Amino acid sequence: MTNELRITGPADILSFIPHTLGFAPRESFVFITMRGNTLGATLRVDAPVNADPKGFARAMADYLALDLPANAAVLAVYTDQHPAPGAPRPFNDHVEAIVETLDAAGVPLKDAWLVTSGHWKNLLCDDLKCCPVQSLDAITDGPLNAEMIYRGSTYRDAPGVDYAPFDGPADTAEQIDHAGHVLQYGEEINGRELWAEAIEHKGRISPEAAVQLLACFQLPALRDTLLCNVIEPDRLDAQGSGDLLIGHGIAPDWARVDRAEEAARALIAAAPEGYRAPLLTLIGWLGYLKGHSTVAAVHFTAALEDVPGYRLAELMDEIISHGTIAPVAADETTGYKKH
């Protein structure tokens, strides 16, 4: 089956967006670069409620410039906010600044759409005769959405975490602590081998292995090694792994990354409160490497709720809060490809 998708109109592009983001955006600006008639990179940012229009537009142009082959862009504004008095559209000043700035940057805004919780319409056309309000059914019932679902693609209603509360054995925390003691003072548990098996088997982990792996992830040095092993399976430790952590100079096996995320989710389900932070941080870090900063942010927040002051989550959250895009995600040759 070919990986190419046939896009016949705006509704197809709008149906593609949540699939590529992994969630349905709310109060967001979503840009997609164009390379001739081909879609390029996708960028989602929070709707600019208090941002200076010109500064916001310049920042968006800088992000889009990372897609070097791009020669145009399209924009979808997701909001239920109403236009300011006298303005034809929500965020009118920001949209006008974006049009002007992208045109000057040589990546003109080819089209734009407004998507609310009840309808969608062209954002740049105010004549309802030629640009009528459209039903959301045109997006969800369209052929491209059906094709994506047929290929196995799904997305969440929101980027938040939705892990069920722990309902395992009451002594699980005690078991994890005991396994951690064994790890520190014996050689009976090989964390790297256990993690490699969990990744290979897509998270199908026995209860005993889950306890041992959860113990491994509680130890910072071993945790960091296991994070590195997602990208570099043969790496023996995390020394000198700063570039790997920020996503510089790496070319991940994205299928393996996706399997590691499945394994991390399985371990979260097996972990009681207070033991989930390392796995939540791992999933957030993988989201950062994929260029999914919103997914990353909510997982770092969840990690800090599980273990207040969890340092790795704090450091990663600080990186993405500055708007940093992982170098691996910014490079078309190494960026995430969904499998």
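1. In this note Ala, Val, Leu, Ile, Met, Phe, Trp, Tyr, Cys and Pro count as nonpolar, Asp, Glu, Lys and Arg as charged, and the others, Gly among them, as polar. The structure discussed here is a predicted model.

2. On that classification, the lining of the second largest pocket has 9 nonpolar, 6 polar and 4 charged residues, and about 400 Å³ of space lies within this pocket. Of its 19 lining residues, Ala24, Pro25, Arg26, Tyr78 and Val115 lie nearest the centre. Helix H1 (10-21) and helix H4 (137-140) each supply at least two residues of the lining, and H1 gives the most, with 3 residues.

3. The sheet is an open one of 5 strands, arranged in the order E2-E1-E3-E4-E5 with mixed pairing. Strand E2 (38-46) and strand E5 (120-122) stand at the edges with a single partner strand each, so one side of each is left without a neighbour in the sheet. From one strand to the next, the twist averages 20°.

4. Within this sheet, strand E3 (residues 72-78) and strand E4 (residues 109-115) run parallel and are joined by 6 bridges; Val77, for its part, has Leu114 in E4 as its bridge partner.

5. Turning to the helices, the axes of helix H9 (residues 220-231) and helix H11 (residues 254-269) come within 8 Å and cross at roughly 140°, and the two helices are therefore oblique to each other. Asn229, Val230 and Ile231 of H9 make the contact with Arg256, Val257 and Ala260 of H11, and by class this contact has 4 nonpolar, 1 polar and 1 charged residues.

Terms used:
Residues numbered from 1 in each chain as written. Predicted model: local features only at pLDDT ≥ 70, side-chain atom pairs only at ≥ 80, totals over all residues. Heavy atoms only, no water. Pairing = 2+ DSSP bridges. Helix = DSSP H or I, 4+ residues; strand = E, 2+ residues; numbered from the N terminus. Axes fitted to C-alpha atoms, helices over the stretch in contact; angles between N-to-C directions. Parallel < 35°, antiparallel > 145°, perpendicular 65-115°, else oblique. Contact = heavy atoms within 4.5 Å. 1 Å grid on protein atoms, 1.4 Å probe; cavity = no way out; pocket = protein on both sides within 12 Å on 5 of 7 lines; lining within 4 Å. Points joined across faces, edges and corners; volume = space filled by probe spheres on them.
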